[in-house]
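Please summarise how the ligand sits in this model. Cover the domains and the helices as well.

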Amino acid sequence: MKRTEIVAALQSEKTGQDILVKGWVKAFRSNRFIQLSDGSTIHTIQAVVDFEKFDEALLKRVTTGAALAITGKLVESQGAGQKVEIAVEKLEILGDADPEEVSKTVMQPKKHSLEFLREQAHLRFRTNLFGAVFRIRHAVAYAIHKYFNDRGYYYIHTPIITGSDAEGAGEMFRVSVLDPKNPPLTEEGKINYAEDFFGKETNLTVSGQLEAELAALALSKVYTFGPTFRAENSNTARHLAEFWMIEPEVAFNDIYDNMDLAEDFLRYICKYVLEHNADDLKFLNDREVQEDQTKPQAERNEMSLIDRLNFVISNDFQRLTYTEAIEVLKNSTPYKKKKFKYPVEWGTDLQSEHERYLVEKEFKKPVIITGYPASFKAFYMRQNDDGKTVAAMDILFPGIGEIIGGSQREERYDILLEKCKAFHIPESEIWWYLETRKFGTVPHAGFGLGFERMVMFVTGMTNIRDVIPFPRTPKKAEF
Ligand code: 4AD
Ligand code: MG
């Protein structure tokens, strides 16, 4: 008999027929009711055994975590909570799970801390919580590809190993095959990368943008979706050393088109998850409500997870310039009461306390800030006519902070060349990027969405380590 997935079995109208399901035991109550899960849905199917008909030794092996194949009749359920259940006819143990061992793991059915779950990242997939998170993570990835595909964008695979650090987005991880104990040296006594695998210094990429731009200046609408790496020593709930980024790049778009695209894109993802992951979302929503009840009023969410997603779908984002944002902050209560740790001064970057104030207290909705001072933004951002600011945009989300960073790109060769000099980027390293500005250069714009930050927003998870299967953070690369 062919295996039926539990998601299909639960929706099946074919009561009275025999089916075969396979999965892992979540619980076995009263020597009679098996709750079986196969990951196809957050729900388990109930399989009812008549213990008199089965060997006692066999039933003893039906323990939490064990893998089973169950054949039986799909019948209407007598109990509350499920429409159908299986009257077990045949029960096969595919893999045992020693209860003694299971009791030391996150599979033990009780509440575990997220920290403990992280220590067992190899087993946390088995929990309802991480089942829900990773089904949604998949849906978000799929929705992103669908969004761009449906709109005529091309998916470009940009390199993971790169020979340039032009982006300047952060510290990089070196890629080298040289013997660290005995590296070849140059005459000046420096490591001789000419003898390394690629004949030059190479690193893991921090962004696929520069290469995506090259493609956009021919294919018009492209996007990347790949892993990116940053070796910053950031031990926050929003930073990973290895994370995934989506970077659309569009020829002929200006900064306003870029904002419109980003807003539409983020709304689409929220809508997609609401429409396709209702069961998992409800689970996460209810879990958050329960967690909130254990917290003081001030730390509780003002809106439920599902309400937050609907809110993003139905409200325009707040758009303002960096200069306006500084004004708002200077007029704010925390500023006047000296509650901000970092200075609020035109020309200094906004810190997360400032961003949080704008999003969570002042506007209470997603915010797009544009027109940042050129001094702390990347070299490729288009210079505004005021000569001081660039056509940058950051999108800030409640509870997340910066979810998107992007800009209109500098398409004017001379200005870009000047910028490279000012940023100490050697022409010999960036010649290929500069060259696109010589042959039919056009205005273009793009942005980068942090995939995990988006998954945090749609799942309500508050630590980025809990939305990627195997997080890489400083001093942690287990599994
Ligand atoms: O703002 P960032 O650094 O922008 C870029 O890399 C541009 N090249 C994007 C572009 O214009 N094509 O990064 C983009 C986004 C951030 O807004 C954030 O959501 C996420 O990537 N991000 C991180 N996510 C997790 N861990 C980190 N260490 C991250 N650093 C950035
Ligand atoms: Mg940024």
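## Terms and basis

A polar contact is a pair of N or O atoms within 3.5 Å; within protein, one must be able to donate a hydrogen and the other to accept it, and residues adjacent in sequence count only if both atoms are side-chain atoms. This is a predicted model, in which local features need pLDDT of at least 70, side-chain atom pairs count only at pLDDT 80 or more, and totals for chains, interfaces and linings use all residues. Residues are numbered from 1 along each chain as its sequence is written, chains are lettered from A and ligands numbered from 1 in the order in which they are written, and side-chain values use heavy atoms, with hydrogens and water left out.

## Polar contacts of the ligand

A polar backbone atom of L240 lies 3.0 Å from a nitrogen atom of ligand 1. A polar backbone atom of I403 is 2.8 Å from an oxygen atom of ligand 1. R230 places a polar side-chain atom 2.8 Å from an oxygen atom of ligand 1. Taken alone, ligand 1 exposes 630 Å², and the protein buries 92% of that (Shrake-Rupley method, 1.4 Å probe).

## The shell

Ligand 1 is surrounded by 23 residues, each with a heavy atom within 4 Å of it. E167, Q209, R230, E247 and E402 are the closest. By class, the shell has eight nonpolar, eight polar and seven charged residues. Gly counts as polar here, while Tyr and Cys count among the nonpolar residues.

Strand 11 (242–251), strand 15 (401–408) and strand 16 (444–450) each supply at least two shell residues. Strand 15 gives the largest share, five residues. Strands (E, at least two residues) and helices (H or I, at least four) are DSSP runs, numbered from the N terminus.

## Domains

The protein is divided into domain 1 (6–104) and domain 2 (128–171 + 206–466). These bounds come from an automatic or database domain assignment. Their C-alpha centres lie 44 Å apart. Six residues of domain 1 are in contact with six residues of domain 2 (heavy atoms within 4.5 Å).

## Two helices

Helix 15 (residues 451–459) has nine of its nine residues buried, so it is largely enclosed by the rest of the structure. Buried means under 20% relative accessible area (1.4 Å probe, protein chains only). Among the buried residues are the charged E452 and R453. Just after helix 15, G460 takes a positive phi of about 80 degrees.

In helix 14 (residues 427–435), the buried residues are I430, W432, Y433 and L434. They pack against helix 6 (209–219) and helix 13 (413–422).

Technical notes: Buried means under 20% relative accessible area, exposed over 50%, partly exposed in between (1.4 Å probe, protein chains only).
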